[in-house]
Amino acid sequence: MPEGPTATAPACPVCGKPRATEHKPFCSARCADRDLHRWLTGGYAVPAASATDEEEDDGPPRRARDPDPDGD
Ligand SMILES: [Zn+2]
């Protein structure tokens, strides 16, 4: 059997949060823009060490634990 709800609930490929229907496959327009920006700038080749971190990689340092910067 699948392991927990994450097995059937696809997550945002950028930050790993549950994706939103209006922004799929991302959780928000912010993540969609980030993903697009990465591709456009070749950011995927940059060792950002953010594989498991959802923090910005194209902006100034943010608080280590920001609950939900995309919250509306
Ligand atoms: Zn996201």
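I began with C15, which sits in the segment before α1. I am working on a predicted model, where local features need pLDDT of at least 70, side-chain atom pairs count only at pLDDT 80 or more, and totals for chains, interfaces and linings use all residues. My residue numbers run from 1 along each chain as its sequence is written.

**Overall layout.** I looked up the secondary structure and found one helix and zero strands in the protein chain. Helices (H or I, at least four residues) and strands (E, at least two) are DSSP runs here, numbered from the N terminus.

**C15.** Is C15 buried or exposed? I noted C15 as buried because it has 20 C-beta neighbours inside 10 Å. For the record, buried takes 20 or more other C-beta atoms within 10 Å of a residue's own, exposed takes 12 or fewer, and partly exposed lies in between, with C-beta atoms placed from the backbone. I then checked C15 against C27: they are 12 residues apart in sequence, and their C-alpha atoms are 8.1 Å apart in space.

**The core.** Which residues form the largest nonpolar core? I listed seven: C12, V14, C15, F26, C27, C31 and A32. Such a core is a set of buried Ala, Val, Leu, Ile, Met, Phe, Trp, Tyr and Cys residues joined through C-beta atoms within 7 Å. Leaving aside neighbours within four places in sequence, I found C31 in contact with C12, V14, C15 and F26. Contact means that the C-beta atoms, placed from the backbone, lie within 7 Å. Across the protein chain, I read that 14% of the 72 residues are buried.

**K17.** I moved on to K17, also in the segment before α1 (29–41). K17 is partly exposed because 15 other C-beta atoms lie within 10 Å. Not counting residues up to four places away in sequence, K17 touches A11, C12 and C27. I also looked up K17 and S28, 11 residues apart along the chain, and their C-alpha atoms are separated by 9.4 Å.

**α1.** Where do the buried residues of this helix point? I found C31, A32 and R34 buried in α1. Seen down the axis, they fall within an arc of 160°, so they line one face of the helix. That arc is taken from the directions from the helix axis to the C-beta atoms. On the other side of α1, I noted A29, L36, H37, L40 and T41 as exposed.

How values were computed. Contact = placed C-beta atoms within 7 Å.
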